[in-house]
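Hello,

Here is the structure I said I would hand over. Please look at it first, then read the notes below.

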Amino acid sequence: MTAPAPADDRPRLLMVMPYRQFVRKAQAEGFWVGAIWDPRLESPQYLDDVRELADLFVAVDFQDTELLRRTLREVAREHHATVIYHIGREETMVTAYEVAEDLHAEVNPAAAIRYLVDKHAMRDLLARRGLSPVSFEAAATRHEVPEAVERIGYPAVVKPTALAGSRGVFLWQDAEDRSAWTALVDQYGYDGPFLVEEYLRGPEYSVETLSKDGRHLVVGVTEKVLGPPPLFVEVGHVHPAPLPEDRRRTVEDLTTEFLTACGYRFGPAHTEVIWTPHGPRIVESQARLGGDRIPRLVELATGLDIEQAIFAGLAGTAAEPVASQATAIVRFFTFPPGRVGEIRGLEAAAELGHVDELTIRLRPGDTVAAVRDSKSRHGHVIVSGPTPEEARARCAQVLSAIEVVIDETPVRADGRAGTPVRAPSVTSPPTPQKGSGHAVVPHDNQEVAMTAAPTDAQVVFVGYNAAYLRAIDGKVPSRSVVVIEEPDIIRKRELGDAAAGFDCLDRIVPASYQQSTEALDLAAELTAARTVAAVVPGLEYAVPAAAALAEKLGLPGATEAAAQALRDKVRLREVSGAGGVRNPRWREVHGPADILGFAGDGPVVVKPANRQASVGVQLLDAVDATTAAQAWERTSSAAEYEQVPDRQLAWRFLAEERLQGPEYSVEALVQQGEIVFQNITAKTVIPGPYPVELGHLLPAPLDQDTETAFTTAMRALVTAIGFGTGILHAEWILTDSGPTLVECAGRCPGDYLIDLIDLAYDTRIRLTLIDLLAGRPVTLPRSSQRTSAIRFLAAGPGTVTEVVGVDTARALPGVQVVEVDAEPGQEVRPWASSWDRAGHVIATGPDANTTRHRVLDAETAIRIATD
């Protein structure tokens, strides 16, 4: 002990691990503060500061639990502590609160703290209460983990229950991951216990709360930005999280219900939640403030000093609800391993008025280890802005300005390759502030205006879409678009010189993206010279890669989990059905026997689960062994020569109940999980075994109840798959029970539906989608101005001999477009997919009936003769 108890009448607060600011803020609320610290947990300089501030300072070995328990009891009695309080690291919390209970100096029962500290106890409690159901198993030692993972099923998350700060958390994706996981826990010298849980897919949030007398005030919800699996190191946070109101309320309600179930009475809590396709699931919770500078984000966004509010609450003043006036972001630096040569751009970035904190823990000559947990990150930046878009743009500006040269390779703080040209640099960071242990660049709070997307920013398309490029050419800056395309597709479609055909297109970058992650790293390198404003999925097969790239760059997008569901109809059936979306009866199939076993002798649909454009889809009226074998052969052998790379891809297949009823599609623009524009299209499909679309009309002439049913179904679908921002094209059959999902795509629909929407609503959907994916505000109409329709042209199979009536069709009232793809000498095949159609006509009119007649008249006027 280094100081006697002061002879005054202040209430006595004995704290375990009080940080400097906690001591100051507790004293500001009128408390005498005693500090109990383990000298191994902070630097001597830092603890000297605490010693100087506190009324009493006691050093003790926290690893000796009995010594800590005895010390707390003796100091509390000697100095007449009225409250024993601990909001530091979790490892010693239960011990502190048990002593507090013994001395009647507790603000929380020790049992409540145990639920928040012990991940296994938390899962048991949630299971007993029927809250946030998650499959889990406890493993006492590392030797029990592999079998527990097998029982939970791959992928599974393995957590060391006695470690904090993401240390040792690992995604075990298959049996081969055992060696990597063993090496990780070896680094921590940890043998158990562990918790093995099902892998929860979806965006992750944390809920910051303050409790007093068992009532829980939600201060705000924070969005997490996670690093890649298998470690999931947190690389950033956004406060407040850009969440739809109903989703935010659901997350908050689950959190407060959980804290009540724990018996938590007083203080801050930091509860982590993942929004899965089945709704919110609690990951874990702590009886302390969130780390990673989240309290500072809260203060910048709301003006509330949440740390001060804790001690004001202890003194009797409960915190009041606060509203956010801004958005604040922290991003952590995670440079690759190697030797640091120099650090560039740090001072220039620090001078930006919107930078609140800028910290880097590297110096020239340091050897950088790979980031494996939150303790090994290399620094951070905090920025704020009046809107989420402004804050995101400001953060991107700072990250692109800072470079660290590692092993003679410049790497920007946003993860992209830096410029090889030597830029003005700082050869060492500024002098560290006292006791900080790292460099801190001073800042001011002057606001600097900045647009959400710099004029020199570029838009990255994953997948080459000529129709999209034609539509935006001349409407976006010259050479502002980069396309990522498969090398085999570039060759087969002869796209090497495609950039010459569009003013907006800068270049096409070859990279694998179909069922591959190669494009992610390559895209970052090739686009390093300019800021990326948005990532757009150009094609069906590009949806997962575009979502993953957007997440990597910190941009709005579908979310990777949603994109994976949209590209795999088996997964889509699973997650949408679990989310309450009406689906047909279905089964994944692996051969003719599965088809026959599913169908019996009734009508059935057989389709690939992850192809596009009706390729391989067949409608069977009845099924026997012969038709099942034929259907399997046609479905499993369907080919798309120019649309896929030459390498082997994995295809899945399913059989579904064949539904009866009219077909519709719903086109929706979605922003942060909220539908901001919706259109319903009536479809016409050809009869026979191949369900190829013959025409579309929009908006569909529906009564109000049916429109409402589609709107409700779409909202349920968006929530079920966890879709973030982008466009959806969902196909439905209207059965007697209501809209039933056929399939859904996370890219602009084909069949010229975007053109039809633009004609009917006076929109520019393709440009609006880019704005959404860039995080910019958009304005969209609530109703259409007219009706539009398309009809696809058919020809009998054979060789085309003549095409007549094109000019006649173009001259008809309301006809907007006539395009014939067939010409004399060309071979025409029977329709088996959308690629087999011979052209189309588009017409508009004041109502559905007029438009339908106009487009049919134009179709009838054209004759494509074959022999």
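On the face of α20 that is turned away from its buried side sit the exposed residues A593 and G597. Buried means under 20% relative accessible area, exposed over 50%, and partly exposed in between, with a 1.4 Å probe and protein chains only. Helices (H or I, at least four residues) and strands (E, at least two) are DSSP runs, numbered from the N terminus.

Before going on, note that this is a predicted model: local features need pLDDT of at least 70, side-chain atom pairs count only at pLDDT 80 or more, and totals for chains, interfaces and linings use all residues. Residues are numbered from 1 along each chain as its sequence is written, and side-chain values use heavy atoms, with hydrogens and water left out.

Which residues of α20 are buried? In this helix, residues 592-599, they are D594, I595, F598 and A599. These residues lie on the same side of α20 because they cover an arc of only 115° around the axis; the arc is that of the directions from the helix axis to the C-beta atoms. They pack against β27 (586-588), β28 (604-608), α21 (625-636) and β30 (653-657). After α20 comes G600, with a positive phi near 65°.

A charge sits over a ring if NZ of Lys or CZ of Arg is within 6 Å of the ring centre and within 35 degrees of the ring normal. R837 does this too, with its charged end over the ring of F792, 3.6 Å from the centre.

**Aromatic pairs**

The whole structure has 14 aromatic pairs. Rings of Phe, Tyr and Trp (its six-membered ring) pair if their centres lie within 6.5 Å; planes under 30 degrees apart count as stacked, over 60 as edge-to-face and the rest as tilted. Why is the pair of Y190 and F194 edge-to-face? The planes of the two rings are at 90°, with the centres 5.1 Å apart, so the pair falls in that class. Both Y190 and F194 are buried. F461 and Y468 are also edge-to-face, at 4.9 Å centre to centre and 80° between the planes. F461 has a relative accessible area of 1% and is therefore buried; Y468, at 2%, is buried as well. Ring pairs also join Y19, F22, W37, Y46 and F311 into a cluster.

**Cores and a buried strand residue**

A nonpolar core is a set of buried Ala, Val, Leu, Ile, Met, Phe, Trp, Tyr and Cys residues joined through side-chain atoms within 4.5 Å. The largest has 78 residues, and L13, I36, L72, Y85, F258 and L314 have the most contacts inside it. Another core lies apart from it, with 48 residues, including A534, F677, L753 and L769.

T209, in strand β9 (residues 204-212), is buried because its relative accessible area is 0%. Beyond neighbours within four places in sequence, T209 is in contact (heavy atoms within 4.5 Å) with L217, V218, V219, T255, L259, G267, P268 and A269.

**Cysteines**

How many disulfides does the structure hold? There are zero, a disulfide being a pair of cysteine sulfur atoms within 2.5 Å. C744 is buried at 4% relative accessibility, and C748 is buried at 13%.

Regards
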